[in-house]
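Here is a walk through one structure. Look at the ligand shell to begin with, then turn to the sheet.

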Amino acid sequence: MSLKTRILGLAAILIISAATASWLAYRQLSSSIIERWGQQVAEIQVRYDSARLLQSLEREIGLARQMAKSSALVQWAQNPDAPQRQAEAIHQMESFRTNFRDKSYFVALRSNGHYFYNNANNEYAGNQYRYTLNPDNPDDAWFFQLIAEGRDFHLNVNPDTELGVTKLWIDVLMRDPQGEILGMVGTGLNLDSFLQDIVDIGQAGITTLFVDYNGAIQLYRDRNYIDFASIIKPEGQKNTVDLLFDTPQDKQKILGMLQLLKHRQGQAGAVESGFVTVDGREHLAGVAFLPTIGWFEITLIDLDTLLPASYLWPLIGVFLISLLVSLLLFHIIIQSRILRPLLALEGGVKRLREGDFNLPYMPKPDNEIGRLVDHFETMANRLQYNTHELETEVNLRTEELHRLARVDALTGLKNRRGIDELLEQEIQRAARQNQGFGLIWLDIDHFKAINDHYGHQAGDEVLCRVALWLKTCLRPYDHPGRWGGDEFVIVLSPCDPQTLDQIAHRIRAHVEVESQRTGTPVTVSVGGYYGQPGEGLDTLLRHADQALYQAKQRGRNCVFIRRPQNEPIRPA
Ligand SMILES: Nc1nc2c(ncn2[C@@H]2O[C@H](COP(=O)(O)OP(=O)(O)OP(=O)(O)O)[C@@H](O)[C@H]2O)c(=O)[nH]1
C-alpha cells in the first residue's frame with residue numbers, strides 16, 4: 001500500500017472517529033438541551049393552558065357561587081311550596097341565566113328533588129320545573145352523591161338524558177345560614193364548544209387534557225376517552241389518564257406525578273414533567289394541579305412535531321460537506337507538502353544510485369522535506385564533483401602508468417612493449433595506406449667489454465648517450481626505442497628505402513664521431529629493413545634482426561640494409 005493511500009486512509013479514519021465522537025457528544029448535548037428546553041416549554045404550556053381554562057371557568061363558578069348564596073333562592077329552598085318565594089326565586093334565576101355564558105342554569109332542591117332548568121333559547125320560560133330527581137334513577141345519582149359528599153363545588157361532565165344535552169356542569173351546593181344543604185345550583189357549558197375553545201385548539205404537537213382528582217379524564221379532544229359522570233362510577237370502571245400511555249412504566253410515571261402534586265397542593269404553580277410514549281411517539285408530559293377546581297391539567301408535547309429530525313438535516317449536510325472539504329484540503333496539503341516532494345526525492349535517489357547525476361525537478365516545500373531535498377541536491381552535486389575529480393585523476397594516473405609501462409626507465413626511450421605497439425600500428429597503417437616504413441635494429445659493439453672495463457655505471461651512461469645521439473639523428477616523427485640490453489630499435493615513418501639508408505648511416509657515423517669526444521668511444525652495428533605492406537610483426541623483426549646480424553658479421557661499426565628480396569642495398 002502506498003504512503004499516500006496510508007496517510008489518506010489514516011486521515012479518513014481519524015476524521016471519521018473525531019466526527020463520530022463529536023456527533024455522539026452533540027446528540028447527548030442536544031438531547032439534554034431539548035429535555036431542559038422541553039421541560040420549560042411544558043411548564044409554560046401547562047400554566048398557559050391552566051390559565052385559559054380557569055379564566056373561562058372562574059367567572060362562571062363565581063356567578064354560580066353568587067347564585068347559591070342568593071337570599072331569594074335560599075328562602076325559596078327553605079319553603080319550596082310557597083308560590084311567592086318560587087316566583088321571586090325564578091325571577092332571580094332568570095336574571096342569573098342572562099349573565100351565564102351558556103345562558104342556562106339549573107337549580108335542584110334537596111327537600112323535594114325538584115329540578116329546574118332553562119336554556120339560551122329561554123325554551124322553558126314559565127315552565128322551568130323540568131322533573132323530579134329520583135334517588136333510584138342512575139341518571140340522577142350524581143345529585144345524591146354530591147349531596148352525600150358535601151362538596152361545595154364540583155365540576156362534572158355529564159350527559160343529561162332528560163334534557164338531551166352533554167355539558168360541563170358547574171355544581172355549587174346551596175346552604176342555609178346554618179350550613180344545612182338545601183340543594184344545588186349551577187350552569188352548564190356546551191361541551192363541544194368548550195372542548196374546541198379550551199382543549200382542541202389546533203396547536204400542532206401539543207395535546208391538552210384535564211383529569212379530575214382521581215385521574216379520570218374530563219376534558220379531552222377525543223370524546224371516547226372522556227369519563228362521563230365519573231362521580232357516580234365505582235373505581236376501576238373509570239376512564240383514567242393512564243389509558244393514553246403505551247407502557248406500564250409511563251402509566252406509573254403519570255400517576256406518580258398526580259400523586260406528587262396532590263401532596264404539594266400548597267405549592268402554587270408546581271409543575272411536574274417527564275418523557276412518555278403516546279401512540280409510539282416520544283412526548284414530554286407536563287402536569288399541574290388546579291386547586292380552584294380540583295382537577296389536573298396535563299399537556300403532552302410531541303417532540304418530533306415541535307422539533308422534527310428534519311431540522312437536523314442542514315446540520316448533517318454542513319457536517320458532511322465540512323468532512324469532504326477537510327479531506328480534500330488535507331489531501332491537497334499532504335500531496336503538495338509531503339507526497340509529491342517525497343516521490344520526486346525518491347526518483348532523484350534512484351537516478352543517483354544508478355550513477356545518473358541528471359536529477360529530476362524536485363519541489364522544495366518550506367518544511368523538513370524541503371530541507372532534506374536541499375541537502376540531497378547539495379550532496380548529489382558534491383558527489384558529482386568528487387566523482388568527476390576522481391575520474392580525471394584516475395585517467396591521468398592510468399595514462400601515466402600506460403606511458404611508464406611503455407618507456408625505458410634508463411634512457412627515456414620507448415621500451416620493448418612500446419615498440420611492439422608502435423609497430424602494430426605501423427603495420428596496420430602500412431596495410432591501410434599501402435605504404436612501407438623503415439625499421440632499424442642496432443647494437444652497441446662490444447658493450448660487455450665497456451661494462452667490464454669501466455663498470456656497469458659507465459655502461460649505463462653509454463646507453464643514455466647513445467639514446468641521445470639517436471634522437472639527434474632522427475626526424476621529429478621517427479620513434480627510437482630500447483629493445484633491451486644494448487640493442488635499440490627505430491621505426492621510421494613515413495619513409496622510403498633511401499631515407500632508411502641515409503638515416504642508418506647517419507646514426508652509425510654520428511655515434512662513432514660523438515663518442516670520440518667522450519672518455520668511452522663506442523661504435524654501433526646497424527641493421528635495417530624496409531617493411532612492406534602486409535608483412536607481420538614477426539617477419540619484420542626477423543628481417544631487421546638478420547640485417548643486424550649481417551652487420552655484426554661484417555665486422556661491426558657498419559650498416560646492413562636488408563631488402564624484402566633479401567638483398568642488401570648497400571653493404572658497409
Ligand atoms: N651497463 C649495462 N649493461 C648492460 C645492461 N643490459 C645489458 N648489459 C650488458 O650488455 C652486455 C651485452 O653484451 P652482448 O651484446 O651480448 O655482447 P657485446 O659485448 O656487445 O658484443 P657484440 O654485441 O657481439 O658486439 C652484457 O654484458 C650485459 O650484461 C644495462 O642496462 N646496463
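For the shell classes, Ala, Val, Leu, Ile, Met, Phe, Trp, Tyr, Cys and Pro count as nonpolar, Asp, Glu, Lys and Arg as charged, and the others, Gly among them, as polar. On that scheme, the shell around the ligand holds four nonpolar, five polar and seven charged residues. The model is predicted.

The ligand has 16 residues around it, and Asp-445, Phe-447, Lys-448, Gly-459 and Gly-485 come nearest. Strand S12 (437–444), helix H11 (447–454) and helix H12 (456–473) are the elements that give two or more residues to this shell.

Now the sheet. It is open and built from six strands, ordered S3-S2-S1-S6-S5-S4, with antiparallel pairing. Which strands stand at the edges? They are strand S3 (129–132) and strand S4 (153–160). Each has a single partner strand, so one side of each has no neighbour in the sheet. On average, neighbouring strands here are turned by 25° against each other, direction ignored.

S4 runs antiparallel to strand S5 (residues 165–175), and eight bridges join the two. Helix H2 (residues 71–78) lies across strand S1 (105–109), S5 and strand S6 (181–190). The helix runs at about 130° to S6.

Last, confidence. The protein chain has a mean pLDDT of 90, and 98% of its residues reach 70 or more. Over residues 567–572, pLDDT stays under 50. The model has 17 contacts beyond four places in sequence for that stretch. For the complex, the predictor gives an ipTM of 0.97 and a pTM of 0.54.

Note on methods:
Residues are numbered from 1 along each chain as its sequence is written. This is a predicted model: local features need pLDDT of at least 70, side-chain atom pairs count only at pLDDT 80 or more; totals for chains, interfaces and linings use all residues. A residue is near a molecule or strand if its C-beta atom, placed from the backbone, lies within 6 Å of it. Helices (H or I, at least four residues) and strands (E, at least two) are DSSP runs, numbered from the N terminus. pLDDT is the predictor's confidence in each residue, from 0 to 100. Two residues are in contact if their C-beta atoms, placed from the backbone, lie within 7 Å. Two strands pair if DSSP finds at least two bridges between them. Axes are lines fitted to C-alpha atoms, for helices over the stretch in contact, and angles run from 0 to 180 degrees between N-to-C directions.
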